[in-house]
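I opened the notebook to record what I looked up, one topic at a time. The entries follow the order in which I checked things.

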Amino acid sequence: MASSEDEGGNGGPSEAGEEKETVKKRRRGFLATAWLTFYNIAMTAGWLVLAVAMVRFYMEKGTHKGLYKSIQKTLKFFQTFALLEIVHCIIGIVPTSVIVTGVQVSSRIFMVWLITHSIKPIQNEDSVVLFLVAWTVTEITRYSFYTFNLLNHLPYFIKWARYNFFIILYPVGVVGELLTIYAALPYVKKTGMFSLRLPNKYNVSFDYYYFLLITMASYIPLFPQLYFHMLRQRRKVLHGEVIVEKDD
Ligand SMILES: CCCCCCCCCCCCC[C@@H](O)CC(=O)SCCNC(=O)CCNC(=O)[C@H](O)C(C)(C)COP(=O)(O)OP(=O)(O)OC[C@H]1O[C@@H](n2cnc3c(N)ncnc32)[C@H](O)[C@@H]1OP(=O)(O)O
């Protein structure tokens with residue numbers, strides 16, 4: 001398979017690309033590169049295990065009912081592990097914005113722990129499968145992209161997939177997440193879970209139901225920022241456009 005480094009043909013762009021990669025790695029340091037390689041291989045493997053488990057479950061049972069329960073431990077482990085991505089940005093070993101990564105990772109952690117894990121009656125909703133499939137395909141592609149890129153042997157197909165699949169998968173994932181939160185609303189209202197009513201010794205009140213409504217509304221300003229960030233990355237990586245990013 002053609003490597004993305006080969007794209008420029010002989011000489012010129014290809015050599016310049018390799019030189020840029022070497023400079024980047026030298027700047028990042030050996031330990032950081034080794035850690036990122038390990039991290040990305042582990043995450044690719046984790047999401048591959050999830051993909052295989054989901055396909056096997058569906059082939060054996062012929063339904064998605066019970067799917068979440070059967071894969072939840074692996075999902076929780078690898079999605080929670082992704083918190084390290086925020087750390088990678090903070091300590092500067094990856095050149096991504098802390099804010100963009102923070103919004104992306106925290107919305108996933110929120111979906112996993114505060115919605116799907118905590119509200120059992122919604123675990124069999126169709127919308128859960130929607131975001132699980134979108135996340136899984138995305139993460140297998142994304143982490144294998146980072147791994148091959150670090151190893152300087154990036155197949156063009158993976159690069160292409162990384163910067164094209166998201167065009168469909170991002171909206172699919174968002175629809176799945178929003179429908180799942182929506183499905184949780186009646187249960188949250190009925191049980192008053194995670195809510196704090198007055199009077200109480202802290203003298204504060206918190207209503208999880210309204211928090212969920214605000215969270216759903218926050219997708220409207222936040223999601224386009226992530227989507228346009230990815231479209232800019234796509235133009236930069238696939239079409240070589242020079243993009244001046246604003247600082248955080
Ligand atoms: C508490 C309540 C919270 C409520 C919040 C409500 C928020 C609502 C809005 C949020 C909506 C999110 C919905 C979402 O969950 C749905 C889905 O995900 S559906 C599936 C589709 N999703 C995607 O395609 C996005 C996947 N995510 C990402 O791509 C990243 O997380 C993101 C931060 C968005 C973008 O990544 P990045 O900026 O890093 O882009 P690049 O991949 O192009 O990388 C840029 C450079 O950094 C290097 N890099 C990054 N990470 C690594 C790594 N781990 N190892 C090595 N190198 C890395 C990469 O190589 C690039 O370097 P260079 O440019 O030098 O080549």
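**Entry 1: a buried arginine**

Is R142 buried or exposed? I looked it up in this predicted model. R142 has a relative accessible area of 11%, so I noted it as buried. The cut-off for buried is under 20%.

Next I asked which salt bridge R142 makes with E139 and at what distance. The two side chains meet at 2.8 Å, N to O. Both residues sit in helix α6, three residues apart, about one turn of the helix. E139 also counts as buried, because its relative accessibility is 3%. I then followed the shared partners. Salt bridges join E85, R108, E139 and R142 into one network.

**Entry 2: E139 and R108**

I stayed with E139. Its side chain also forms a salt bridge with R108, 3.1 Å from N to O. This pair links distant parts of the chain. I marked R108 as buried, like E139. As a reminder to myself: side chains of opposite charge can pair when their charged atoms come close.

**Entry 3: the ligand**

R108 came up again when I turned to the ligand. A polar side-chain atom of R108 is 2.8 Å from one of the ligand's oxygen atoms.

How much of the ligand's accessible area does the protein cover? I found 91% of the 1400 Å² that the ligand has on its own.

**Entry 4: the whole chain**

I stepped back to the fold. The protein chain has nine helices and zero strands. Of its 248 residues, 43% are buried. Residues 24 or more positions apart account for 72% of them. The chain exposes about 14300 Å², and carbon and sulfur atoms supply 66% of that area.

**Entry 5: V188**

I picked V188 in helix α8. V188 counts as buried because its relative accessibility is 1%. Which residues does V188 touch, leaving aside neighbours within four places in sequence? I listed I119, M193, Y208, Y209 and L212. I also checked V188 against W160. They are 28 residues apart in sequence and 41 Å apart in space, C-alpha to C-alpha.

**Entry 6: a surface salt bridge**

I went back to the salt bridges, which number five in total. E60 and R56 form one, with 3.8 Å from N to O. They are four residues apart in helix α2, so about one helical turn separates them. I compared their accessibility with the cut-off for exposed, over 50%. E60 is at 56% and therefore counts as exposed. R56, at 53%, is exposed too.

**Entry 7: backbone in the loops**

I ended with the backbone. Where is the cis peptide bond? I found it from L198 to P199, with omega near -5 degrees. P199 is in the loop between α8 and α9.

N203 is also placed in the loop between α8 and α9. Its phi is near 60 degrees, a positive value in a residue other than glycine. N203 has 61% relative accessibility, so I logged it as exposed.

N152 has a positive phi as well, about 65 degrees, although it is not a glycine. I located N152 in the loop between α6 and α7 (156-162). At 27% relative accessibility, N152 counts as partly exposed.

Technical notes: Residues are numbered from 1 along each chain as its sequence is written. This is a predicted model: local features need pLDDT of at least 70, side-chain atom pairs count only at pLDDT 80 or more; totals for chains, interfaces and linings use all residues. Side-chain values use heavy atoms; hydrogens and water are left out. A polar contact is a pair of N or O atoms within 3.5 Å; within protein, one must be able to donate a hydrogen and the other to accept it, and residues adjacent in sequence count only if both atoms are side-chain atoms. Accessible areas come from the Shrake-Rupley method with a 1.4 Å probe; for residues, only the protein chains shown count as cover. Helices (H or I, at least four residues) and strands (E, at least two) are DSSP runs, numbered from the N terminus. Buried means under 20% relative accessible area, exposed over 50%, partly exposed in between (1.4 Å probe, protein chains only). Contact means heavy atoms within 4.5 Å. A salt bridge is a side-chain nitrogen of Lys or Arg within 4 Å of a carboxyl oxygen of Asp or Glu.
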